[in-house]
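Hi,

Here is the structure I said I'd send over.

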Amino acid sequence: IPPAVINAIIITEDKKFFDHQGVDYLANIRAAIALIKNKGEITQGASTITQQLARNVFLTHETTYERKIREIFIAQELEKIYSKDKIMEFYVNNIYFANGYYGILAAADGYFGKGVNQLSLSELIFLCAIPNNPGRYDPIEHKENTIERRDRILKQMYENGLISYSDYKNALNEPIKL
């Protein structure tokens, strides 16, 4: 998995990935408070990458407290068994990239007709934009949304010192050809 993919996933999904043991309790408390304040409307997520993996592999996507609790316990167990690198690898190779593509390899081939290691920074981050909301960021139906999210991720990566200014600008200016 290219380092840019790992950096993009961490910067957008779970900045504390390498610091927690599968669960970010403060994020869960913050999300619970927001849920109460917004009368049951979900306004922010709290799932770590490990929790998302647990949900995607072992649970359903139903929004219940029971599922969330099970997700937390499974995430903790996954962290006891697997290294962070293995969890990230399994996550990136199993998340949904819209249009029937599961995993970054399938998405790279399906959208660009290339292997993941043949993709430019812009193309990699374009793919990383999709899993957050595959319907909204479907590159075939809503390419402009995907590009906007790609641009936000690139900006976050630049602002956090993960890419240089020239890489940032070049990636922003590169046209995406599916």
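What radius of gyration would a compact globule with 178 residues have, and what does the protein have? Bear in mind that this is a predicted model. The rule for a compact globule gives a value near 16 Å, and the protein has 16 Å, which means the two agree. Along the principal axes, its C-alpha atoms fill a box of roughly 45 × 35 × 35 Å.

On to the fold. Take the contacts between residues at least 6 apart in sequence: 55% of them join residues at least 24 apart.

Now the inside. Of the 178 residues, 43% count as buried. The largest nonpolar core has 39 residues, and the members touching the most others are Ile-9, Phe-97, Tyr-111, Leu-127 and Met-157. Several helices each supply at least two residues of this core, among them helix 1 (3-13), helix 6 (104-112) and helix 8 (143-159).

The protein exposes about 9,900 Å², with carbon and sulfur atoms supplying 52% of that. In soluble globular proteins, nonpolar side chains tend to be buried together. Still, there is a nonpolar surface patch of about 430 Å² here, made by Tyr-25, Leu-26, Ile-29 and Ile-33. Ile-29 sits in helix 2 (residues 25-37).

Cheers

Methods. Residues are numbered from 1 along each chain as its sequence is written. This is a predicted model: local features need pLDDT of at least 70, side-chain atom pairs count only at pLDDT 80 or more; totals for chains, interfaces and linings use all residues. Side-chain values use heavy atoms; hydrogens and water are left out. Patches are made of residues with over 30% relative accessible area and no salt bridge: like charges are joined within 9 Å, nonpolar side chains (Val, Leu, Ile, Met, Phe, Trp, Tyr) within 5 Å. Accessible areas come from the Shrake-Rupley method with a 1.4 Å probe; for residues, only the protein chains shown count as cover. A salt bridge is a side-chain nitrogen of Lys or Arg within 4 Å of a carboxyl oxygen of Asp or Glu. Helices (H or I, at least four residues) and strands (E, at least two) are DSSP runs, numbered from the N terminus. A nonpolar core is a set of buried Ala, Val, Leu, Ile, Met, Phe, Trp, Tyr and Cys residues joined through side-chain atoms within 4.5 Å. Buried means under 20% relative accessible area, exposed over 50%, partly exposed in between (1.4 Å probe, protein chains only). The radius of gyration is taken over C-alpha atoms; the globule rule is 2.2 Å times the number of residues to the power 0.38. Contact means heavy atoms within 4.5 Å.
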